[in-house]
Amino acid sequence: TNKELESAIKSQRIKVVHAHFGPNGLYILPFCIKNSLPLVVSFHGYDASKLLLNEQYRSQLNLLFEYASSIVVCAEKMKRDLLSATADKYASKIQVVHYGVDIKMINQVEKPLQDKLDQNCVKIIHAGRLTPKKGILDLIQVFQLVQLQCLDKEVILEIVGNGEEMVAAKQLTEDLGLSKNVIFYGAVSHLQLLAYVKSADIFVLNSRVSAEGDSEGFPNSILEAMASKTAVLSTNHAGIPEVVEDNETGLLVEEFDNSGLEEALVRLVKNNEERERLVSKAFFKVNQFSISVMNEKLNNLIATL
């Protein structure tokens, strides 16, 4: 309750409030004002995309940004979107702190015992909630075309995660006759997910802005794939190009470009040397996005308040 929240703020001698997601920042704003507490707000995705279509929310953000000591975003693209929805005068308050992953922990994760032995088998993996912004239905249709162009390979598509498009994705897989080559794992633990990603050859995130305006922020799953030494194929969407440099640390295609996605997948399936080249550069790049770097930036930011 509001009374319990105010009591906790006073009893725990809170000096700074760090709210995650715009709506939570708006909720805590009156308490921070009342208690003269510095407020830091981190935006992550839908709160800086889909919700910006709501006029009332955009208006409230101006009040939030006016009071907040600092606004943290995970991508330059998100900063630009928030400034377009509020005012340029808040530019100095918005700090870009990219997400980070625990590279040391990822290095210690072992591949599944049943990992492939057949060198002619190429595993493609998709990981994330099965929602429209992930483009999973298009990916499955593209996968069918990729198989037809790579008949000399055994190509497998592994799908990790649950979501509103799970039923439709399974039905589409059956309708296209792909049930033997498309594996649905559902939701798994984080360590299990990392093990699956490490055993795959290609990680695909076919992200796009959904019809409702929902967008990615800066997908951690891509960083984890890069740290796992798995070749990355994604889209020119949200903060993704800030870590995936096309033809350098991965491959990028445009949103909704199924033909481009097909061409890029075929290229990676057929060319092991190409995958190794991208993996090598991506593994070097991902060290700039470690969790220790992220935490240091956040701690330094809060220490200045």
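The following dialogue explains how to read several features of one predicted model.

Biologist: How many salt bridges are found in the whole structure?

Modeller: Side chains of opposite charge can pair when their charged atoms come close. A salt bridge is a side-chain nitrogen of Lys or Arg within 4 Å of a carboxyl oxygen of Asp or Glu. The search of the whole structure finds 11 salt bridges. One of them joins D138 and R208, with the closest N and O atoms 3.1 Å apart. D138 lies in helix α6 and R208 in the loop between β8 and α9, so this pair ties together parts that are 70 residues apart in sequence. Helices (H or I, at least four residues) and strands (E, at least two) are DSSP runs, numbered from the N terminus.

Biologist: Are D138 and R208 buried or exposed?

Modeller: Buried means under 20% relative accessible area, exposed over 50%, and partly exposed in between (1.4 Å probe, protein chains only). D138 counts as buried because its relative accessibility is 19%, and R208 is buried at 6%.

Biologist: Which residue forms a salt bridge with K285?

Modeller: The partner of K285 is E245, and their closest N and O atoms are 3.3 Å apart. K285 lies in helix α11 (residues 272–286) and E245 in the loop between β9 (231–235) and β10 (251–253), so the pair ties together parts that are 40 residues apart in sequence. K285 is buried, with a relative accessible area of 15%, whereas E245, at 35%, counts as partly exposed.

Biologist: What is the volume of the largest cavity?

Modeller: On a 1 Å grid over the protein atoms alone, a cavity is a set of points where a 1.4 Å probe fits but cannot get out; lining residues have an atom within 4 Å of a point. Grid points are joined across faces, edges and corners, and a volume is the space filled by probe spheres set on the points. The structure holds 1 cavity of 30 Å³ or more, and the largest cavity has a volume of about 70 Å³. Its lining includes K77, D81 and E216.

Notes. Residues are numbered from 1 along each chain as its sequence is written. This is a predicted model: local features need pLDDT of at least 70, side-chain atom pairs count only at pLDDT 80 or more; totals for chains, interfaces and linings use all residues. Side-chain values use heavy atoms; hydrogens and water are left out. On a 1 Å grid over the protein atoms alone, a cavity is a set of points where a 1.4 Å probe fits but cannot get out, and a pocket is an open set with protein on both sides within 12 Å along at least five of seven lines; lining residues have an atom within 4 Å of a point.
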